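Dear colleague,

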Amino acid sequence: MHPPGASTVLLRYGDLATKSHAVGTRMRDKLAVHLESLLDDRDLKATVDVGHARTVLETDPERVEAVAGTAADVFGAVSTSAALAVEPTKSAIEGALADASAAHYDGGTFAVDARRSYDGHPFTSEDVGRFGGDAVAAGAQAHVEPDVDLDDPDLTFEVEVREERAYVSLERIDGPGGLPYDTQAPLVALISGGIDSPVAAYEVMRRGSPIVPVYLDLGDYGGPDHEARAVETVRKLAWHAPGEDWELHRVPAGESVAKIADALDRGRMLAFRRYMVAVAEAIAEDQHAAGIVTGEAIGQKSSQTVRNLAVTDAATDLPVHRPLLTRDKDDISNRARALDTFAESTIPAGCNRFAPDSAETGGSLDRIREREPDDLFERAAADAADAERIAIEPVAPDDWSV
């Protein structure tokens, strides 16, 4: 919903607005690159003006809703609005509000939320709220009795008055927040094909880190469905950064997994996770990545108790980032549904055959080292070196709603 004739989109920042001038400038430039890649991928035309307080896009009125929705997908944006840009004068603002009211205010309560960032105008934000409210009431449809509610209105008319332009809008589209894409170092993302790992990968992308997705082919303990789940979730992730050349590193882990299974029952999953991060470390070194990201959460599985996570981390010198560390499974699952990776992640794949009969919940590093294969880390390095790179074509989520 937007005012009649709207052809402008306002993109608002979150954490980005707190950065120093030099850092903020660099990050806003990255935001512009990401934004333009999203627009190009969706065949939308708009000019992009990246400012210190806002990014402003100009497009055609018939495309303004689509451009606002696309801009709301850019990492670093907290919200966007399709807006009508007018002269920053009392009469122009009143006219825009009256027209917007006539087009969209059909009952219920309303409010005018006004902000003025330039103090050279002959009116204050409070003045805009007052004369703006009168304009909305005057433009209301004939059958409507205007009713103001400043606390919880049914419809909010936003007015943002800057030095050279005033912007009138009617709704905000929530963005992902975070930081612009590619403003942090890349991370290796271990993608299992399950529910958690794609969500964790998305979360670090949202904070500015590109990902190097890595999938471990478990051989007899996995299968084509297991791999297909991972590929499809990475395709959904790739949609959020269409300007990248996406590749999935497919690691031939079958023989190593079988050797781990033969070597121990209790502690098997812990030894396997140590192997996984060792593989990720080797790929990170090759790809100049600064760390590893996993979908682990405290206590969600036996291998993810606090003690076991410490044993896992001892297998690598790189930091292991766990953005889902304290989240509940329902929260993670809901996030996966919003990302449209949940359905693929829940296809039965048979990888539970690797699970031991007896789980280790309080692992000891010394004990695991004694029982895991002596050549575990040599195998991890060799398997990483043999990884096949699979080109990934992005695919849009069925109903993007994050």
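Two rings of Phe, Tyr or Trp (for Trp, its six-membered ring) are taken as a pair if their centres lie within 6.5 Å; planes under 30 degrees apart count as stacked, over 60 as edge-to-face, and the rest as tilted. Ring pairs of this kind link Phe75, Tyr181 and Tyr202 into a cluster.

Please note that this is a predicted model, in which local features need pLDDT of at least 70 and side-chain atom pairs count only at pLDDT 80 or more, while totals for chains, interfaces and linings use all residues. Residues are numbered from 1 along each chain as its sequence is written, and side-chain values use heavy atoms, with hydrogens and water left out.

Overall composition

The protein has 13 helices and 15 strands; these are DSSP runs numbered from the N terminus, with helices being H or I of at least four residues and strands E of at least two. Its C-alpha atoms fill a box of roughly 80 × 40 × 35 Å along the principal axes. Of the 402 residues, 51% are buried, where buried means under 20% relative accessible area, exposed over 50% and partly exposed in between (1.4 Å probe, protein chains only). Contact means heavy atoms within 4.5 Å; among contacts with a separation of 6 or more, 82% are between residues 24 or more positions apart.

Aromatic pairs and charges over rings

By the ring rule above, the count comes to seven aromatic pairs. One of them joins Phe75 and Tyr202, edge-to-face, at 5.6 Å centre to centre and 65° between the planes. Phe75 belongs to the loop between α2 (64-71) and β4 (77-86) and Tyr202 to helix α5, so that the pair links parts of the chain 127 residues apart. Phe75 and Tyr202 are both buried. The rings of Tyr105 and Phe157 have centres 6.5 Å apart and planes at 85°, so this pair is edge-to-face. Because Tyr105 lies in the loop between α3 (90-104) and β5 while Phe157 lies in strand β7, the pair ties together parts 52 residues apart in sequence. Tyr105 and Phe157 are each buried.

A charge sits over a ring if NZ of Lys or CZ of Arg is within 6 Å of the ring centre and within 35 degrees of the ring normal. Lys90 lies over the face of Phe131, 5.2 Å from the ring centre, and the charged end of Arg337 sits over the ring of Phe342, 4.0 Å from its centre.

Strand pairing

Two strands are said to pair if DSSP finds at least two bridges between them. Strand β5 (residues 109-116) runs parallel to strand β6 (residues 147-148), to which two bridges join it; Phe110 has Val148 as its bridge partner in β6. From β5 the chain crosses through helix α4 (residues 125-139) to β6 in a right-handed β-α-β crossover, that is, with the strands pointing away from the viewer, the path from the first strand over the helix to the second runs clockwise. β5 also pairs in the parallel sense with strand β7 (residues 155-161), over seven bridges, and Val112 stands opposite Phe157 in β7.

Nonpolar cores

A nonpolar core is a set of buried Ala, Val, Leu, Ile, Met, Phe, Trp, Tyr and Cys residues joined through side-chain atoms within 4.5 Å. The largest has 30 residues, and Ile191, Met205, Ile211, Leu237, Trp246, Leu248 and Ile392 have the most contacts inside it. Two or more residues each come from β10, α5 (196-206), β11, α6 (224-238) and α10 (329-339), the largest share, six residues, being that of α5. A second, separate core of 27 residues includes Val212, Ala253, Leu264 and Ala284.

His249 is found in strand β12 and is buried, with a relative accessible area of 5%. Pro252, also in β12 (residues 247-252), is partly exposed at 34%. Pro252 and Ala387 are 135 residues apart in sequence and 6.4 Å apart in space, C-alpha to C-alpha.

With kind regards
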